Amino acid sequence: MIGRAALAAAALLLAAFLISPDSFAPLLEPLTRRGAPAVYTQTSLWSLTVSHLALVAGAIAASAVIAVGLGVLVTRDSGRDFLPLARMVTAVGQTFPPVAVLALAVPVLGFGDWPTLLALFLYGLLPIFENTLAGLTTLPPQVVEAARGMGMTPAQRLWRVELPLALPVILSGVRLSAVIALSTAAIGSTVAAHTLGEVIIAGLLSSNAAFVVQGGAVIATLALLIDAGFRAAESAARSRAGF
């Protein structure tokens with residue numbers, strides 16, 4: 001109950017700050033120097049937050065589709081031989097740091113959101129793939145055999161039995177990728193992506209700690225809320241699966 005109350009309070013504070021950031025200026029002014037502004041106003045914090053979340057959602061949605069698809073493929077009899085290849089493909093994002101992906105993507109994709117989307121997409125593949133693999137390979141054998149005994153086709157077993165039972169583990173991987181992507185997306189502003197990293201970078205360039213704190217605080221609060229949301233979804237999926 002206390003945890004939920006704290007999350008609700010954090011969500012309300014975040015919403016209040018994004019809607020009326022100037023109201024929080026007195027709290028941030030002690031962090032400024034030589035009369036520097038306490039609140040970032042070059043771009044609307046609300047629009048930066050929406051853009052930041054949209055980039056993360058788009059990248060993680062694409063990662064989930066590809067990673068879950070590969071996980072399903074390599075757990076079928078016809079696709080088991082592709083497991084090493086699938087692991088190699090999904091590990092690419094973890095091999096190269098996001099900054100390196102951005103640097104390599106800019107000459108091809110140009111400045112803006114696309115290099116950041118690519119970096120977040122690649123970085124999000126491995127946790128979702130590994131959790132999908134774990135979820136589908138640790139199913140209770142008796143349940144799978146019961147579904148087979150009922151005359152279900154392989155496709156019916158996958159959609160009605162296997163994926164619903166594996167969903168909590170899959171969602172755990174999506175949660176991890178989403179939280180990592182939310183934090184990592186900030187560096188996208190180095191290549192002109194519209195993210196909350198713009199606020200942090202402006203603070204670093206102008207030695208304005210107030211900008212750095214507000215950008216970091218918004219990202220941290222969003223990460224906590226998204227993590228809590230996914231944990232609630234995992235719990236609901238477990239309940240439906242009978243765990």
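A: Ala-192 sits in the loop between α9 (154–184) and α10, where helices are DSSP runs of H or I with at least four residues, strands are runs of E with at least two, and both are numbered from the N terminus. This is a predicted model, so local features need pLDDT of at least 70 and side-chain atom pairs count only at 80 or more, while totals for chains, interfaces and linings use all residues. Residues are numbered from 1 along each chain as its sequence is written, and side-chain values use heavy atoms, leaving out hydrogens and water.

With a relative accessible area of 45%, Ala-192 is partly exposed (buried is under 20%, exposed over 50%, partly exposed in between, with a 1.4 Å probe and protein chains only).

Next comes the helix pair. The axes of α10 (residues 197–206) and α11 (residues 209–241) come within 7 Å and cross at roughly 160°; axes are lines fitted to C-alpha atoms over the stretch in contact, with angles from 0 to 180 degrees between N-to-C directions.

As for who touches whom, Val-199, Ile-200, Ala-202, Gly-203, Leu-204 and Ser-206 in α10 meet Phe-211, Val-212, Gln-214, Gly-215, Gly-216 and Ile-219 in α11, contact being heavy atoms within 4.5 Å. These split into 7 nonpolar, 5 polar and no charged residues, where Ala, Val, Leu, Ile, Met, Phe, Trp, Tyr, Cys and Pro count as nonpolar, Asp, Glu, Lys and Arg as charged, and the others, Gly among them, as polar.
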